[in-house]
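Reader: I am new to reading models like this one. Please take one part and walk me through it slowly.

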Amino acid sequence: MAEIVLLDGGMGQELIRRRGAPASALWSAAVLADQPELVGSVHRDFIDANAKVIVANSYAITRPRLARNAAAERFEELQIRALDIAEQACRGAEGVVIAGGLSPLTGSYQPGSTLPFEECVKQYSEIVALQRDRVDLFIAETMCTADEALSALEAIKTSGKPAWIAFTVDDKDGSKLRSGEPLREAADAAVSEGAAAILINCSSPEAVDTAMYQLTDLPVPYGGYANGFKTVEPLTNESTVDVLEAREDVTPSAYADHVDRWIAVGATIVGGCCEIGPDHIQEIADRLSANGHSIVAMPAAQR
């Protein structure tokens with residue numbers, strides 16, 4: 001049986017649900033700013049569900065996103081707060097590691113709004129500099145173009161920490177990025193530049209099913225963590241996540257069925273993204289244990 005790295009689930013949507021108020025353009029960063037105790041409670045619930053990798057709640061804390069919402073001056077403060085809360089949540093939790101997070105700088109699922117390569121490297125390097133001494137690895141997630149991923153990788157390499165690259169793929173064709181670029185070509189380019197793992201995230205579970213077959217002979221660990229949205233097409237950089245709807249059929253059991261399929265084709269890093277909560281992660285953990293797998297925080301070669 002395999003060693004499986006179990007990631008946490010979707011922080012942002014879980015925060016919106018628990019906050020019980022309409023989402024703002026700053027999404028998870030707004031909750032971090034106004035109700036930081038909710039962030040800690042979500043981290044702890046994922047840890048209690050047996051997640052071994054907790055991603056710091058910094059997804060929406062980029063200078064372009066904050067500047068668009070007249071909050072650029074809070075960049076460093078919120079980055080540090082996200083790390084403080086992640087560390088506090090992990091105290092006393094055996095075998096849990098913290099991942100630093102690099103996200104799309106201007107907004108998710110919008111390949112046409114990606115900044116020029118060198119500007120991305122500059123922006124990501126600032127985030128890495130703040131997080132590097134307080135995290136165990138970095139995940140560049142929801143990357144929808146190859147260049148976006150490579151720019152994040154360029155910044156992460158300066159930290160000396162493992163760089164996991166998570167691409168988001170076309171929900172109708174999991175063999176392609178949302179930019180239309182072939183997933184396998186983007187994955188190969190990232191591995192050639194030093195990526196320590198390739199993941200697929202924030203795409204439909206069915207698209208991740210397809211994507212896994214594109215990764216089966218990679219020389220690095222691979223896996224996925226899908227979302228539970230009906231579609232992400234209504235979301236723009238100017239809208240809020242209130243325009244998105246959750247799928248009722250992505251129950252913990254149904255989601256774990258998809259994860260089982262990913263593991264069957266060689267995935268060793270799994271978890272959840274938007275709309276995938278602690279109950280989903282607990283179901284995955286229960287199945288992993290029942291099937292004789294070991295739940296770990298890092299692949300053996302990266303410990």
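Author: Here is a close look at one helix, its core and its partner. This is a predicted model, where local features need pLDDT of at least 70, side-chain atom pairs count only at pLDDT 80 or more, and totals for chains, interfaces and linings use all residues. Residues are numbered from 1 along each chain as its sequence is written, and side-chain values use heavy atoms, with hydrogens and water left out.

Start with the core. A nonpolar core is a set of buried Ala, Val, Leu, Ile, Met, Phe, Trp, Tyr and Cys residues joined through side-chain atoms within 4.5 Å. Buried means under 20% relative accessible area, exposed over 50%, partly exposed in between (1.4 Å probe, protein chains only). The largest nonpolar core has 117 residues, and Trp164, Phe167 and Ile198 touch the most other members. Helix α5, residues 75-90, gives the most to this core: eight residues. Helices are DSSP runs (H or I, at least four residues), numbered from the N terminus.

Now the partner. α5 packs against helix α6, residues 117-131, at about 45 degrees, with the axes 10 Å apart. Axes are lines fitted to C-alpha atoms over the stretch in contact, and angles run from 0 to 180 degrees between N-to-C directions. So α5 is oblique to α6. Oblique covers what is left after roughly parallel (under 35 degrees), roughly antiparallel (over 145) and roughly perpendicular (65 to 115).

Which residues of α5 and α6 make the contact? From α5 come Phe75, Glu76, Gln79 and Leu83; from α6, Glu126, Ile127, Leu130 and Gln131. Contact means heavy atoms within 4.5 Å.

Technical notes. Helix = DSSP H or I, 4+ residues; strand = E, 2+ residues; numbered from the N terminus.
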